[in-house]
Amino acid sequence: MTPIQGLILGLIQGLTEFLPVSSSGHLVIAQNLLKLTEPPVVFDVFVHLATALAVVIVIRETLKNINLDQIKLILIASIPAGVFGILLNQKIEELFGSLKLVGFSLIFTGLILFSTKKIRQGYTLTPKLNPKNSFLIGLAQALAIFPGISRSGSTITAGLHQGLTPKDAFNFSFLISLPAIAGAQLLQLNKLGSLSPKEFPVLAIGCLTALLSGVFALKLLKRFVVCGKLHFFGYYCFTLGFTILLSL
């Protein structure tokens, strides 16, 4: 990989990991259309860890005040993604080779986002978030194993439909993203190779770009969610999804 490729992939990862437009789908598109080489596993792992750090930075106040009951709900919500990841681990690479799948999945993501347009606001977290609802939000997260389906879009939408306030849906979505990101990278450890000294600059560029763009994307997304404008991202997903399908 070249430094420019590291910069581009780090930027795509940081922005689209958190904006509800699917990072995996955009990485597939970038690798196909821009003729980028597939990033080494070690690059992929560290860039994802950089985005996890971005989450910690943005929701640090929520993390400071987390209690045992919330940790239990996070673990419950993490079960579906963990099961899906283990069962489909061998198939994931095949899924990432299909632009057609990405196109349809982006359209599906657009539909998910548009479903939030008329959700009634004003709910509170305490009486609404429970093991059942947490598991349902976790199922939404598990859908994002398919490239083109947004993890943040699916989980925030699921939270809103379960009656959470926009702020609480946002926070819970990214609380459960941390085990998901960590678990996905653990599945990659058996493929982790050595890193030569000449690759350190590329890795550093990719990680720094992913971290900074990730923090920016999280803060931007929070504004849209709190203002009830999450569905705006649906227009982008529809446009990109149909563009991909029509170009094949």
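**View 1. Aromatic pairs in the predicted model.** The structure holds 7 aromatic pairs; rings of Phe, Tyr and Trp (its six-membered ring) pair if their centres lie within 6.5 Å. This is a predicted model: local features need pLDDT of at least 70, side-chain atom pairs count only at pLDDT 80 or more, and totals for chains, interfaces and linings use all residues. Residues are numbered from 1 along each chain as its sequence is written, and side-chain values use heavy atoms, with hydrogens and water left out.

**View 2. Phe18 with Phe174.** This pair is edge-to-face (planes over 60 degrees apart; under 30 is stacked, the rest tilted). The centres are 5.6 Å apart, with 70 degrees between the planes. Phe18 lies in helix α1 and Phe174 in helix α10 (residues 166-175), so the pair ties together parts 156 residues apart in sequence. Phe18 is buried, at 1% relative accessible area (buried is under 20%, exposed over 50%, partly exposed in between; 1.4 Å probe, protein chains only). Phe174 is buried too, at 0%.

**View 3. Phe114 with Phe238.** Ring centres sit 5.4 Å apart and the planes meet at 25 degrees, so the pair is stacked. Phe114 belongs to helix α7 (residues 99-114) and Phe238 to helix α13 (residues 232-247). Phe114 is partly exposed, at 22%. Ring pairs link Phe114, Tyr235, Phe238 and Phe242 into a cluster.

**View 4. Helix α1 (residues 3-18) against helix α12 (residues 200-226).** Helices are DSSP runs (H or I, at least four residues), numbered from the N terminus. The two pack at about 25 degrees, with axes 7 Å apart; axes are lines fitted to C-alpha atoms over the stretch in contact, and angles run from 0 to 180 degrees between N-to-C directions. Contact (heavy atoms within 4.5 Å) involves residues including Gly6, Gly10 and Gly14 of α1 and Gly206, Ala210 and Ala217 of α12.
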